[in-house]
Amino acid sequence: MLSPRHFGPRPIRTLPEENGLVPGYRRIRVRPATPVIGATVEGVDLRKPLDEELFRELERALLQCKVLFFRDQPISAAEQLAFARHFGEVEVHPFLPAGEVPEVIRFEKDEQVKGVENIWHSDVSWREVPSMGSILHAIEVPSVGGDTLWADMAAAWQGLPDDLKERIEGLEAVHDFAHSFGLLLSPEELEEKRRQFPPAVHPVVRTHPRTGEKILYVNQIFVSHIVGLEEEESDRLLAELCAQAAIPEYQVRFRWEPHSVAFWDNRSTQHYAVSDYWPRRRVMERVTIIGERPR
Ligand code: SIN
């Protein structure tokens, strides 16, 4: 049954904007892509090391806008890695194929290999210490299709009705790789990886360690259940919470060009790679920065 909260503007925080820019930056121009999430950043060459001021501005823009887009950045894998390392330690993904460098994941899709990242998720939320952010570089893009969407999960929390906010505060959820990457493993490999990466328990509502924002931190692909609830109740609640990422008012959609780069905060967003381009070729490379244990 629809109620007035299902239509009209949502009660969520928006980005400040003056003359098409987010104000307060000296070295870069930050152009909001939507009123809520995402901005195109101009005035930086990602191939070059960042000085302290430029690093601070990019970090602030990431925290504020949650996903940053850069155009015309023909970076090598080594340069992408060096850029990522300004923001933290970088991980090697235990399941996804690497490119030239172990820390750089290569998503190479074509007629034989279909895009399967079309489900809302936050990268490696199944780790005990999940990701702070990911940096994705487009190497080859289809002539049409293959966009990526991000959802602002702080907005998703803000938009929940008060009774639901109260109900989920303090709940914890189990994040597990078994229902996604685990499906590709033999029973022996699964057992071995399970030992290395046991299911992780994270709060359903986490607090961003830098901005203090509350964030709805459950996703469709990696969360198996909510701790302490009967299966049916857990499934129903998870379905309602995970569906929040699909609300267009919380989203930005990015059209890739060759050498576009997106840098997103995995703590406060989820993303969805639209799988509408098969059998066309789409090649992307991702570096994943390690974050902190969600609280
Ligand atoms: C990912 O899920 O990190 C990949 C996103 C994309 O290929 O657009």
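**Notebook: the ligand and its surroundings**

I started with the ligand and listed what surrounds it in this predicted model. The shell consists of Phe 107, Glu 117, His 121, Asp 123, Leu 136, Thr 148, Trp 264, His 271, Ala 273, Arg 282 and Arg 286.

Next I asked which strands each supply at least two residues of the shell around the ligand. Two came up: strand E14, spanning 269–273, and strand E15, spanning 282–290.

For Thr 148, a polar side-chain atom sits 2.6 Å from a ligand oxygen. For Arg 282, an N or O atom of the side chain is 2.8 Å from an oxygen of the ligand. Arg 286 also places a polar side-chain atom 2.8 Å from a ligand oxygen. How much of the ligand's accessible area does the protein cover? I found 99% of the 260 Å² that the ligand has on its own.

I checked the pockets too, and the space that the ligand takes is the largest pocket.

Last, I stepped back to the whole chain. I counted six helices and 15 strands in the protein chain. Its radius of gyration is 19 Å, close to the 19 Å from the globule rule for 295 residues, so the chain is as compact as a globular protein of that length. Along the principal axes, the C-alpha atoms fill a box of roughly 50 × 50 × 35 Å.

Methods: Residues are numbered from 1 along each chain as its sequence is written. This is a predicted model: local features need pLDDT of at least 70, side-chain atom pairs count only at pLDDT 80 or more; totals for chains, interfaces and linings use all residues. Side-chain values use heavy atoms; hydrogens and water are left out. A residue is near a molecule or strand if one of its heavy atoms lies within 4 Å of it. A polar contact is a pair of N or O atoms within 3.5 Å; within protein, one must be able to donate a hydrogen and the other to accept it, and residues adjacent in sequence count only if both atoms are side-chain atoms. Accessible areas come from the Shrake-Rupley method with a 1.4 Å probe; for residues, only the protein chains shown count as cover. On a 1 Å grid over the protein atoms alone, a cavity is a set of points where a 1.4 Å probe fits but cannot get out, and a pocket is an open set with protein on both sides within 12 Å along at least five of seven lines; lining residues have an atom within 4 Å of a point. A molecule sits in a cavity or pocket if more than half of its atoms lie within 2 Å of its grid points. Helices (H or I, at least four residues) and strands (E, at least two) are DSSP runs, numbered from the N terminus. The radius of gyration is taken over C-alpha atoms; the globule rule is 2.2 Å times the number of residues to the power 0.38.
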